[in-house]
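Open the structure in your viewer and keep the selection tool handy. We will go from charged pairs to aromatic rings, one stop at a time.

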Amino acid sequence: MSGSVFVVERFRWEPARETHAQRKKLAWMPGTTSLGCFEDQEEAEADCLRREQEARQQINPFTCGGSMHERSGLDEPRLRDWILDAGLEPPEEADWARWWDERSPTMTGIQRTRIWEALDKVRFFRVRQTNTTLVFVVAAVHWTYNDENFYRSADAIEPMRAFTTREKAEGQRRKLEDEARENYNPFQMNGLSDWSAWSSLSEEEGRKCLQAVGLEPPEPDEYGHADWDEWWEGTDPASVLGRFVWELCDKVAFYEVVEVEVPPDR
Amino acid sequence: MVRRKAGGTVLFLVVRVGWREWYTGGYEWFRGNEGACRSSGRPVAAYADRARAEAHCAELEAEARTHLSPFNFLEPHWMEDFSTLSREEFEQQILAVVPGTSLPSKPERRERDWAKWWDDLVDRLSDEQREAVWGLFDQLHFYAVVETALEEA
């Protein structure tokens, strides 16, 4: 499939260290998440604007980024002038986040818009025009061992091979996934004791699924904690039941298929 | 020109390097179990031509640099992963690029708080000075180009 479409994307603002002196709460990180796809540019822009306005109702822009440089193309003296021009008195000291908390409820809509306009690096959504030619990349997930369990980060993957169809990529991923599962205990992945790290089903639903195929799940201890890690030991991962348990653990993957755009030739 | 290698056409992937927030603050580079950092990550675009992939990679890298503090990513213990300068050379260069500044204090058995130092300083620097500081991080990157094979249907 090919053609031009308009994708609404969300920028990656992630929670920042709480100890930061300037009350930074959100840190910009490289990358975006696609949220919606439109054939019509105006529709995409309208959707983007709606999302941006909703986000602005909730977020103090001065808690985004660790310095004014990370928020605006204007330096602080120019920003102060800009705010004066908007009919507002900027803060005497540099605690802009507190100033926003105190002053924004009494600002007019136009004044708030003017400030957001000046903070041109604090944006949460955008529209990107793209073609829809895709390839499907099978990538290996890199799990790191910390002497107790395995953990990963979202982008810690290594591309292995690209395919022109999703079906072929999924076939390859499935084969590799089955091979990898033979070497791991699913309950040592993503942390040791939190069912929600392993499965998108609730623990109760997971237990019922296991009982339905004749498996007796581990009894919870007095604190409600079941030792799934120990329960798995000795299970043949290639057996029907072993595979069934792995299927329940749908949040643990050793390979992913990533949809990747192929930009058109210029 | 499209290149071919055993098993399919060569494809150049622009990848977003994997980082994760470190529990003590800052970010940890995507490393192997032996500690070496990896120039790999999540693919965001694919090209048949390396030059176009490199150009897109450079655009994304430039965008990231306008938003980020390089010091949020620095782990002085792994200095060679971030700069070809030694720690001492790096500190001397910082003082040369930003005359009149002083380095963040060095508590005993702890690293300097570079991230806070930069956040307090960066608004007073010129674009040239900021670029010069980024230039000291000549091994730090957020995107990379990796080669893979495309198996066609």
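## A tour of charges and rings

Before selecting anything, keep in mind that this is a predicted model.

**Stop 1: a pair in chain A.** Side chains of opposite charge can pair when their charged atoms come close. A search over all chains turns up 40 salt bridges, and we will visit a few of them. Start by selecting A:R98 and A:D95, which form a salt bridge with their closest N and O atoms 3.6 Å apart.

**Stop 2: across the chains.** Now select A:R161 together with B:E151. These residues form a salt bridge, and 3.1 Å separates the closest N and O atoms. The pair joins two chains, because A:R161 sits in strand β7 (residues 157–163) of chain A while B:E151 sits in strand β6 (residues 143–151) of chain B. B:E151 has a relative accessible area of 25%, so it is partly exposed.

**Stop 3: helix to strand in chain B.** Stay in chain B and pick B:R50 and B:E147. Their closest N and O atoms are 3.5 Å apart, and the two form a salt bridge. This pair links distant parts of the chain: B:R50 belongs to helix α1 (residues 50–67) of chain B, B:E147 belongs to strand β6 of chain B, and they are 97 residues apart. B:R50 counts as partly exposed at 34% relative accessibility, and B:E147 is partly exposed with a relative accessible area of 34%.

**Stop 4: a network.** Which residues of chain A are linked in a network of salt bridges? Select A:R166, A:E170, A:R173, A:R174, A:E177, A:D178, A:R181, A:R243, A:E247 and A:E259 to see it.

**Stop 5: a negative patch.** Next, show the surface and select A:E39, A:D40, A:E42, A:E43 and A:E45, which gather there in a patch of negative charge. One of them, A:E42, lies in helix α1 (residues 41–58) of chain A. With a relative accessible area of 65%, A:E42 is exposed.

Stop 6: Time to switch to aromatic side chains, where the structure holds 32 aromatic pairs over all chains. Select A:F62 and A:W100: the ring centres are 6.1 Å apart and the planes meet at 55°, so the pair is tilted. A:F62 lies in the loop between α1 and α2 (76–85) of chain A, and A:W100 lies in helix α3 (residues 96–103) of chain A, so the pair ties together parts that are 38 residues apart in sequence. A:F62 counts as buried at 1% relative accessibility, and A:W100 counts as buried at 5%.

**Stop 7: an edge-to-face pair.** Move on to A:F187 and A:W198. Their ring centres lie 4.8 Å apart with the planes at 85°, so this pair is edge-to-face. Both A:F187 and A:W198 are in the loop between α5 (166–181) and α6 (203–212) of chain A, eleven residues apart. A:F187 counts as buried at 1% relative accessibility, and A:W198 is buried with a relative accessible area of 1%.

**Stop 8: the ring cluster.** Ring pairs link A:F187 and A:W198 into a cluster with A:W143, A:Y145, A:F150, A:Y184, A:W195, A:W228, A:W231, A:W232, A:W246 and A:F254.

How values were computed: Residues numbered from 1 in each chain as written. Chains lettered and ligands numbered in written order. Predicted model: local features only at pLDDT ≥ 70, side-chain atom pairs only at ≥ 80, totals over all residues. Heavy atoms only, no water. Salt bridge = Lys/Arg side-chain N within 4 Å of Asp/Glu carboxyl O. Helix = DSSP H or I, 4+ residues; strand = E, 2+ residues; numbered from the N terminus. Buried < 20%, exposed > 50% of the residue type's maximum accessible area, 1.4 Å probe, protein only. Patch = residues over 30% accessible without salt bridge, like charges linked within 9 Å, V, L, I, M, F, W, Y side chains within 5 Å. Areas by Shrake-Rupley, 256 points an atom, 1.4 Å probe, with all protein chains shown as cover. Lys, Arg positive; Asp, Glu negative; His and termini not counted. Charge placed at Lys NZ, Arg CZ, Asp CG, Glu CD. Phe/Tyr/Trp six-rings, centres within 6.5 Å; stacked < 30°, edge-to-face > 60°.
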